[in-house]
Amino acid sequence: MKLRDRIALITGGGRGIGRAIALACASEGAQVAVAARTMEQVESVAKELTDQFQVQATAIACDVSNVNSVTAMFGKVSEAFGRGPDILVNNAGIAESALLTRTDDDLWRRIQGINLDGTFYCMRAAMPGMIERGWGRIINIASIAGKTGAPYIAAYSASKHGVLGLTRSASQEVAKNGITVNAICPGYVDTDMTTRGIENITQKTSLTKDQALESLKKMSPQNRLVTAEEVAALALLLASEDGRGINGQAINVDGGGVLF
Ligand code: NDP
């Protein structure tokens, strides 16, 4: 039980990668708060955690792009568990694509608001408690798009580059406090987000669904999508005592497509 007595807060914990991380944390004995905008999804994951692993789990409705909503979420974690999170996983995120010249202000703000501002708000809220307790883990789910660029994803890629900047700088500020701050950079993961991406490709190009899926698989030298469980396995290592020496890193889980 590598996370016994730890409290984990996972944003975007209602499905996909966030749900897989919540399950991994609970399987190692952590008490878990899952947060997202869709209450039914986080409630269903919290129930799954309690039923399967008999841990205390709570579901919180939160929009991470809204600072008041983030403050309220941290209040609810303290109410439920008696203190703030020991482990914060900033996983909530959206991906929308458009050519830069067609990226309007709303699209730009929506993506930065959730992916970048949301990560910042949650880190800022979590860190004082972690510093006080002398232990903490912050895991930011970025993307290989946080290290590279591609057509149609300027706003998304900029937001994830920003997440890496936050990760690296924060890791230096809190290294002496028993806290590590790391980012995970997945390639294409088999989740709803990628399914929506495939639908988008079929609408905007002449590719069929199968052809679009094949084109995404080819981005990996392993010619496959990553699973949410593979991302969760790395998150678990970073969250545990075993990962205490890993700090300020941005680790790719993409089958070797990006080599830096
Ligand atoms: P999903 O779309 O399957 O899940 C995203 C989760 O984030 C949902 O629970 C969603 O719930 C939540 N979320 C979205 N916006 C907000 C918000 N404003 N406030 C709170 N929660 C929010 O995506 P994935 O699981 O695939 O992605 C998770 C993370 O991994 C994202 O940060 C994504 O950028 C990153 N990633 C994904 C990759 C992929 O190929 N899928 C590749 C690389 C990185 P709700 O909508 O109810 O709020």
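Reader: How many bridges join strand 5 to strand 6?

Author: This is a predicted model, in which local features need pLDDT of at least 70 and side-chain atom pairs count only at pLDDT 80 or more, while totals for chains, interfaces and linings use all residues. Residues are numbered from 1 along each chain as its sequence is written, and side-chain values use heavy atoms, with hydrogens and water left out. Strand 5 (residues 136–141) and strand 6 (residues 179–186) run parallel, strands being DSSP runs of E with at least two residues and helices runs of H or I with at least four, both numbered from the N terminus. Within this pair Arg137 has Thr180 as its bridge partner, and the bridges joining the two strands number six.

Reader: Which strands stand at the edges of the sheet?

Author: Two strands count as paired if DSSP finds at least two bridges between them, and seven strands form an open, parallel sheet in the order 3-2-1-4-5-6-7. Each edge strand has a single partner strand, so one side of each is left without a neighbour in the sheet; these are strand 3 (57–61) and strand 7 (250–253).

Reader: Which helix gives the largest share of the shell around the ligand?

Author: The ligand is surrounded by 30 residues, each having a heavy atom within 4 Å of it. Domain 1 (7–187 + 228–244) and domain 2 (191–225), with bounds from an automatic or database domain assignment, both contribute to this shell, so the ligand lies between them. The largest share, four residues, comes from helix 6.
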